[in-house]
Amino acid sequence: MQIIIITAADANYFELVRGTILSVRQKPEGANVAIGFFDLGCTPEHLQWLETQVNIIQKPDLHFDFPGKNEAPHYLKGLLARPFLRRYFPNFDIYLWIDADAWVQNWKAVKLLVKGAAKRGLAVVPELDRNYYLAYGKLPWYWQFVYRDYQTVFGEEVAKQLHSYPTINAGVFALHKDAPHWELWAEYLGQGLQQHVSLMTDQIALNRLVYGTELFDKTEILPAWCNWSCNFGLPVWDKQQACFVEPYLPHESIGILHLTGHKHDSVKLAITDGDTVNMSIRYQPIQTPKNQQVTQKDMTLPEKSEIANNTLLPAGDYISPGLKIILPDAYFPNMIVGDTQTCPWPYLRREIQHNWYVDRRASSVGFLSRDEAHILYNTALQFRGKKALEIGCWLGWSACHLALAGVALDVVDPLLERDEIRQSVIDSIQGALKASGVQTTVELIPGYSPQRVEAFASQFNRKWSLIFIDGEHEGDGPLNDAIACEKLAEKDAIILFHDLAAPAVAKGLDYLKQRGWNTIIYQTMQIMGAAWRGNVEPVKHQPDPNVYWELPAHLQGYSVSGMPSIKELPKQELPTLQQRNLQTIIQSDQLSLKTAPEDFQNICSTVRPYTLLSESRLFSLYCLAKQICVADLPGNFVECGTCKGGSAALLAFVIKHYSRRPRVLYAFDTFEGMPAPTEIDRHRGIPANLTAFGEGTLKAPISENLDKICELLQVRHLVVPVKGLFVETLPKYQSVIGSIAFLHADGDWYESTMDIFNTLYDSVIPNGFIQVDDYNHWEGCKQALHDFERMKGESFALHIIDETGVWFQKLK
């Protein structure tokens, strides 16, 4: 029996689909299985990698005529082509589809899906299980969304008949080549697209053919572990089996985990022994199979300037241009991206949106960031063959980068007394050195510094050319390390510090500066610094230009590599506003405008010629934005649908006068008029193009509108206009924007609103605010918000602003 596993992705989903494919390929059963791939817009670099992993790559077509077909987003092709998989990938017996946000943990799920399709024709998994929260009082709430989906696509009668059946998730399914489902799925999908086009239309069509026809008897309904929907219930971690399992006994191991739209880079999971752990539930690739020899070429990358759009680096990483790059991640199999909120240390710079790497076995303690590790590695390269000292290695991430530079390394850390830590460090460094071909020595020395450092130096008459201090971070520990290391440093030497965000650590650098050493600061996630003397030079470093860097007060006066120091924003006197009762202010127009402070009234009159928003909605923007600034929540502001720029200028005004930290407003719009609406975009049943705000209206050139109002308010430097369609611009800028504290969604149309939420919602911080304009004006806008709400498995607590706008707070 010939089996093919098929998935699909565009450039935005490549990192996820890479995990999907590797979760198949890196299992013995999947090493030789056929894999098909729908290219929905991958880059040449992505396709080059895919060609090494999959058997067939196809570009799907749109097989249906439906309203708005020409404006349909490119990724929709992958969903709508699924009833035609046999045409794109002929000559297979079983077609197993796995969404890009799902991955195979245990091959038993693949086996059961194939078996189910071979037995009945179609094998699927419903979104209802004893482990899902829906089963416990939530079904009536959930049925509202399902009812609306059926009603929109197939009408009232079908909705009444089928809405209470367990929804089948179409993200994972298996179909036999001769199953009768193919043709009927295509037929129902074609019918449904005439009424409504969304990410769920094909799934609703699949549910109708299973539950609404005799084909139910030709469908195998499988257990949840064959397609575990994480939005309905997180799995539990079993330390004994080292895998994700069902929450309830007997803790069946999960076969396929389906992230269902969420990132899940780091989540708090229960453990079967009753404890909890913070870890990623995304697939963690096995980067060094035992039967594969990794070479120096495999481990290194070109210099950053040669890496287009960071595509060869993990998303969320940054490395300064000009630095030589090495990626020893394969030798740290427990390294994951951690959740900064789990770290109790007060000096962790959580606002810097770079990956914070941790070990899954101790996820509240961080490693050096990618950029910091490369400052260390590139500094060490100039000392190849010379002696280097590291104080504090934790699990060896920094030590590995030093060793790979070819220095003769001595490492002092009291944790090396623990066998499990010592062995982990040895395994990581030995594996990386063997693969790279670097010949050097590494001495692991258990003990506390500076006493153990001084004793070791005395015993072996040791001095060091490079010293990295990353040990004790409190009290006089860092200062004592610096005092001892100055005496033990060669005449030509560099001493590096990590975690200078902590004032106690900075005392060590202060001491060396007072002693006449040259010093420099590196603006990185936790701030590094270098002191040097003699005939050596520290590496040059360019801070991430997409981060708005601040220098803590205790580091003022130091030079920063690659940039001038940025002064703190002045603290300004806040106008009177009843912050404690924000919701009441916004919910009542009369109360809101009566209690509005004078600066809002002034700004409102100034921006009035440049906005269509009501005064109530402008005041809501003002209050929500100000609340974020006063509370000092991290993240930038984003407005999608800027038009003439009045509301954007208002938000920038709030940033300028109330923000306690640097932040900017990204203003997205075509600035050339409204894009084409779809059939669902109506006002009181009237198609959008028959109103005064149809396609091509509201053209607002930046130079004549946004620039003018921003210059008038002296906030142009705080506004970053981005011209183009949301579907094209938002994915490109998602990583540039980073965390979002406030999102103003004014996209009007269904597809525009879906583009906003699909791309940016996960970037909105917990407790961040989202305001949606035209919710009660355009039917497509309202439908999109609730479609997305249902897709995420969340319930948004919408607050009404006026007859049109709403806002809500993201709670998780």
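Residues are numbered from 1 along each chain as its sequence is written. In this predicted model, local features need pLDDT of at least 70 and side-chain atom pairs count only at pLDDT 80 or more, while totals for chains, interfaces and linings use all residues, and side-chain values use heavy atoms, with hydrogens and water left out.

The count comes to 25 salt bridges, each being a side-chain nitrogen of Lys or Arg within 4 Å of a carboxyl oxygen of Asp or Glu. Among them are the following pairs.

| Salt bridge | N to O distance |
|---|---|
| Asp-99 and Arg-82 | 3.7 Å |
| Arg-130 and Glu-246 | 3.5 Å |
| Asp-410 and Arg-462 | 2.9 Å |

Asp-99 and Arg-82 are both buried, as are Asp-410 and Arg-462, where buried means under 20% relative accessible area, exposed over 50% and partly exposed in between (1.4 Å probe, protein chains only). Arg-130, at 39% relative accessibility, counts as partly exposed, whereas Glu-246 is buried at 6%. Arg-82, Asp-99 and Asp-202 are linked in a network of salt bridges.

Asp-787 is buried yet has no salt bridge, and the nearest side chain of opposite charge, that of Arg-148, is 4.7 Å away (Lys and Arg count as positive and Asp and Glu as negative; His and the chain ends are not counted).

There are four cavities of 30 Å³ or more, and the largest cavity holds about 80 Å³ of space. In these counts, grid points are joined across faces, edges and corners, and a volume is the space filled by probe spheres set on the points; a cavity is a set of points on a 1 Å grid over the protein atoms alone where a 1.4 Å probe fits but cannot get out, and lining residues have an atom within 4 Å of a point. The lining of the largest cavity includes His-196 and Tyr-750.

Note on methods
1 Å grid on protein atoms, 1.4 Å probe; cavity = no way out; pocket = protein on both sides within 12 Å on 5 of 7 lines; lining within 4 Å.
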